Amino acid sequence: VLLDADLHVRLGDVGLARAQAGGGTHITFTQVSGTTGFLDQNYSNTGQYDASCDGFSFGVVLLMLLTGRRAFEGGETLVEFCMGVLADVLADFRCGWPRSVAEEVLA
């Protein structure tokens, strides 16, 4: 997240998927690089970058805004932190989540 000269918010480092040549569906990298916490797990594992990776990174920015936490803090990514909180909420029977939904997400 960047600020311009007038202090308007600008998103940076989102949109790498559009930089691909030839109109293909993905880019494959031999060396995975990026900012910890913003990297899509699929990209980290396969080195293939596509539009869904941009969506993941933007989702992390939204989670940062909602939680007030950094993308990587305390040895875990923000997504890992949120999944742990989600698991706690789903496991709490007082929240009223249908058992089938909780079991599917927690699996």
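Tutor: From the N terminus, the elements of the chain follow the order β-β-β-α-β-α-β-β-α-α. That comes to four helices and six strands, as DSSP runs numbered from the N terminus (helices H or I, at least four residues; strands E, at least two). The model is predicted, so local features need pLDDT of at least 70 and side-chain atom pairs pLDDT 80 or more, while totals for chains, interfaces and linings use all residues. Residues are numbered from 1 along each chain as its sequence is written, and side-chain values use heavy atoms, without hydrogens or water.

Now the pocket. The second largest pocket holds about 180 Å³ of space. A pocket here is an open set of points on a 1 Å grid over the protein atoms alone, where a 1.4 Å probe fits, with protein on both sides within 12 Å along at least five of seven lines. Its volume is the space filled by probe spheres set on the points, which are joined across faces, edges and corners.

Next, the lining, meaning residues with an atom within 4 Å of a point. The lining of the second largest pocket consists of Thr36, Gly37, Phe38, Leu39, Gln41, Ser44, Phe56, Thr77, Val79 and Glu80. Helix 1 (41-46) and helix 3 (78-91) each contribute at least two residues to this lining. By class, four lining residues are nonpolar, five are polar and one is charged. Nonpolar covers Ala, Val, Leu, Ile, Met, Phe, Trp, Tyr, Cys and Pro; charged covers Asp, Glu, Lys and Arg; the others, Gly among them, are polar.

Take Gly37 from that lining. Gly37 sits in the loop between strand 3 and helix 1. Its relative accessible area is 8%, so Gly37 is buried (buried is under 20%, exposed over 50%, partly exposed in between; 1.4 Å probe, protein chains only). Beyond residues up to four places away in sequence, Gly37 touches Phe56, Val60, Ala71 and Thr77 (contact: heavy atoms within 4.5 Å). Phe56 and Thr77 also line the pocket. Gly37 and Glu76 are 39 residues apart in sequence, yet their C-alpha atoms are 8.1 Å apart in space.

At 13% relative accessibility, Asp40 is buried. Setting aside neighbours within four places in sequence, Asp40 contacts Ser52, Cys53 and Phe56.

Ser57 belongs to helix 2 (residues 51-67). Asp40 and Ser57 are 17 residues apart along the chain, with 7.1 Å between C-alpha atoms. Ser57 is buried, at 8% relative accessible area.

Last, some context. The structure has one salt bridge (a side-chain nitrogen of Lys or Arg within 4 Å of a carboxyl oxygen of Asp or Glu). That salt bridge pairs the side chains of Glu73 and Arg69, 3.8 Å from N to O. Glu73 is partly exposed at 31% relative accessible area. Arg69 is partly exposed at 21%. Across the chain of 107 residues, 18% are buried. Of contacts between residues at least 6 apart in sequence, 22% join residues at least 24 apart.
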